[in-house]
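Here are a few friendly notes on the charged side-chain pairs in this model. Please read them with the structure open beside you.

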Amino acid sequence: MTTTLFTHEACTQHDPGAGHPESTARLKAVLSALDDAAFAALARQEAPQATIEQISRIHPRDHAMRVLASIPAHGYVRLDGDTVVSPDSGDATLRAAGAVCAAIDLVLSGTSKNAFCAVRPPGHHAEAEIPMGFCIFNSVAVGAAHARETHGLERVAVVDFDVHHGNGTQASFYNDPNLFYASTHQAPLYPGTGSVHEQGCQNNIVNAPLPPGAGSDMFRDAMTDRILPELRRFSPDLLLVSAGFDAHEDDPLAGLRFTDDDFRWVTHELAELADNCCGGRLVSALEGGYDLDALARSAAIHVATLMEA
C-alpha cells in the first residue's frame, strides 16, 4: 500500500490579506516540494468539499452556516483579530475538512496505508462556535467525528506537534473518553491553553508544554516519556496528526528550535506506533509553519517518512 496526498487548488486561493503569515505561499511551497521526483510514487487525489453534515458534528449547524454566509463576494471579512476570510475562503475551508474525511475513508478502506492532507486554512484552534488563530473549521476534529459516525470506529487519537496548542481540538475531545488528544507546544504562547493540568474527563488529554528554546532533546523526551506511552495505552483505532511545522528553528512566529530531523523522527515514531496499534492507519493534516523554506523541507520529510512506513 502507498501514501496518498490530498489537496485542492481552492486551498491556495484562501487569501487572508497582504502581509498575513498564513499566506497562499505556504501551501504552494509545500506542493512544490512534493512535486520533486522523489515523490513520484506518492498517490494524489483532489480533496472534496466536506458536507454541512460532516462539519456540524463538531460545529453546530447554525454556526457553520453563519460562518459560510459571512464569506464576502469581494474584499475581506475579519472573523477575529487573526482570522480573515475572502471570496474563496469558504471553498478552501470545506476542502480542508473534506480532505481529512476523504483521506480517512481511503485509509480505512485499505486502499492506502496512510495519507497527508496538504490543505489550508489550518484548523486546530477552531472551537465549536469560535473561529480563531487563522482557523475557521477544525478539520482534524471533523475527521475524527467522521471516522466514528461513518465507519463505526470507537477510539480515535490526535497527536499535535504544532508550536501552538490546539485548543479547539482539545475542547472537542475533552469530555469524551474515547477521543484522545496529545500536544507538544511552546508555553507561554498563543492561545494560552495546554497546561499539564488539562487532562480531560478520563486522562484522555495529554499536554507537554515546552519552554522557548527547548530544542530537539526536550521535544523527543516529551514524546518518548509522556505522549507515546499514553497513546499506546489508549490504543486508537485510527491515528490523526496535526502536522504543524512552526516549531522549526527557522520559523519566525515562535522559538522551540526543532530541526528538520525532529520531524523525520516524530513521523517515524508515530507511524511505527500506528503500525502496532491500528494497522498503520494514520492520516496527517497540515497546520502551521511560516518560514517557507523550512515548511517545505519539513513537510517533504514528513511525507517521505510516511511513504517509508
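1. Let's start with D261 and R264, which form a salt bridge whose closest N and O atoms are 2.6 Å apart. By salt bridge I mean a side-chain nitrogen of Lys or Arg within 4 Å of a carboxyl oxygen of Asp or Glu. The two residues lie 3 residues apart in helix α9, so about one helical turn separates them. Helices (H or I, at least four residues) and strands (E, at least two) are DSSP runs, numbered from the N terminus.

2. D261 is partly exposed at 35% relative accessibility, and R264 is partly exposed at 33%. Salt bridges with shared partners join R220, D261, D262 and R264 into one network. On terms: buried is under 20% relative accessible area, exposed is over 50%, and partly exposed lies in between (1.4 Å probe, protein chains only).

3. A word on the source: this is a predicted model, in which local features need pLDDT of at least 70 and side-chain atom pairs count only at pLDDT 80 or more, while totals for chains, interfaces and linings use all residues. Residues are numbered from 1 along each chain as its sequence is written, and side-chain values use heavy atoms, leaving out hydrogens and water.

4. Have a look at D275 and K113 too, a salt bridge at 3.0 Å, N to O. This pair links distant parts of the chain, with D275 in helix α9 (residues 260–278) and K113 in strand β5 (residues 112–117), 162 residues apart. K113 counts as buried at 18% relative accessibility, whereas D275 is partly exposed at 34%.

5. Across the whole structure, the search finds 14 salt bridges.
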